[in-house]
Amino acid sequence: MISVQPTHIRFFATARRPPTPRPYELEKPKSSEQSKKPEKPLVSSRAKTSQDAIPLPSGPRPQQKKEKQGVAAPYWRLSIGVVLIGSIVYSMFTSPLQVTEAPSIADRDTISKRESGVTEKSPMRLRMEALIKEKQNEIVAALQELDPSHKFRTDTWSRPAGGGGISCVQQDGAVFEKAGVNTSIVYGTLPRPAIEKMRVNHKAIDPDVDSLEFFAAGLSLVLHPQNPNAPTVHLNYRYFETMDKDGRCNAWWFGGGTDLTPSYLYDEDAIHFHRSIKDACDKHDREYYPRFKQWCDKYFYIPHRQESRGVGGIFFDDLDMEEKDQEQLFSFVKDCLGSFLPGYLPIIARRKDMPFGDREKQWQQLRRGRYVEFNLVHDRGTSFGLNTPSARVESILMSLPLTARWMYMHEAEKGSREERILSVLKQPVDWV
C-alpha cells in the first residue's frame, strides 16, 4: 500500500520578504506602459557633489507597478501529484492481481538440460530422451549410407503442453520405398479413467488423485524396402513415468521390442536377426529372450486373419520395479537398441539388389496390406498416439507402407514360396 503524507506549505508575507524567484518561473513580458517608462538616470561613481550629478528630468515620476510574486506553479504541481498518487492507490485496490504461473515440469526440464546437461545423476526421463536421440542419429546415418542419393527429410516439431519430436523419413529411395525413424517426447496430464486403467499393472500409481502429470519418450522405426526379397523391420523402445506437480517420479516402466516381417522367407535372415537380439537379452537375463519372443508372437498376431504379422523378434511392456531396478532395465533397453544395426544391416545388404518381377512385387503389396490391418486395428502404440491430445498424426502413421494391396479371395499356389511363408506365419518357429 502506498501512503501519502500530507504536504505542509508555508507562505510568507511578501511585504516582509519577497520570495526568491525560482528558475522555472519565467519573467512576465512588460506591458506597453512599462516599456515606455523613462530610463533611470546614470550617476557616475566618481560624482561626489550634487554638481557632478547628471540632472534628473523634472516632473512627476511615473508610478511603477509591483510585479506579483505568486505560488501558481507549486499549486499546479501539488494538484497533479495528488491526482497521480490517488490514481495509483485506487488501481492497487481495484485492479486484478497479475499472478505469474510457476514453470511447468517441461519448462524446468528444459532449463536443467540447458544449464547442466544430462548426466548419470539426471532424472531417468532426461537420460532416456538423450539415449533415443543419440540412437536415432546413429541409425539414420547408417541407413543413409545404403542410399546416399536419397536424403532423409528431417522435421522437428513441438507440442503445446511440452515436449516434441524429430521425424526422419525417406520415401521412394533406391533401397527403401519408405523408411521412418522417429523420436517423440510427450508431457501431459492423465485423467482419472486413464489412471485407474494403468493401476491394473502399476500399483505405485496414486489411486486417490483425479489427474497425474506424465512423461513418455520413445524411438520408433519402420523400414519398408523396395525389393520384395528384403524384409520389413520394426523397432520401438519407450519409457513412461507419472509425476507429482513438482516433477518427482512416483511410477515408471519400460517397454519395447523389434520384429522382422519378410514377404519371402530366408531362414538365414530370420536366424541372424533372432540371434542378435537374443545375445542382447542374455547379457541381462537368460529368461528374457524366450519370454519376450513368445510375447512378441502373441502380440503381433492378426486374429481376423489367424496369422502372425511376421517371423517375430521380442516384445515387452510394463517392466517396472517389480521386474528389476531402474538402472538395470535402462541398461537392458540400451543394449537392445545397440543390437539393431548389427542384426538388420547384413540382411538388407544381402537382399536389396536381388532380382524380382511383377509376381514378387504383387505378393509384397498383399503382405503389406496385412501390415496395415494390424497397425490400424490392433496396435496399442498407434491407438495411444492417435488418442493423445495434440498428437502429430503424420509421425504416428509413418509406420504405414507407401503402397499396399488387397485382392479378393487371393490364395497362394501349392508348393510356392508364398505358401511357405504363410505356413510359418500360421505357426511360429523357434529360430535359435
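Where in the chain is the place of Met409? Met409 sits in the loop between α12 (393–396) and α13; helices (H or I, at least four residues) and strands (E, at least two) are DSSP runs, numbered from the N terminus.

## About the model

This is a predicted model, where local features need pLDDT of at least 70 and side-chain atom pairs count only at pLDDT 80 or more, while totals for chains, interfaces and linings use all residues. Residues are numbered from 1 along each chain as its sequence is written, and side-chain values use heavy atoms, leaving out hydrogens and water.

## The chain overall

You'll find 13 helices and 9 strands in the chain. Of its 432 residues, 40% count as buried, meaning under 20% relative accessible area, with exposed being over 50% and partly exposed in between (1.4 Å probe, protein chains only).

At 61% relative accessibility, Met409 counts as exposed.

Gln306 also isn't a glycine, yet has a positive phi of about 55 degrees. Look for Gln306 in the loop between β7 (301–302) and β8 (307–308). Gln306 is exposed, with a relative accessible area of 54%.

## A helix pair

Now for helix α10 (residues 358–377) and helix α13 (residues 417–426): their axes come within 12 Å and cross at roughly 20 degrees. Axes here are lines fitted to C-alpha atoms, for helices over the stretch in contact, and angles run from 0 to 180 degrees between N-to-C directions.

On the α10 side, Arg359, Trp363 and Arg367 make the contact (heavy atoms within 4.5 Å). Their partners on α13 are Glu418, Ile421, Leu422 and Leu425.
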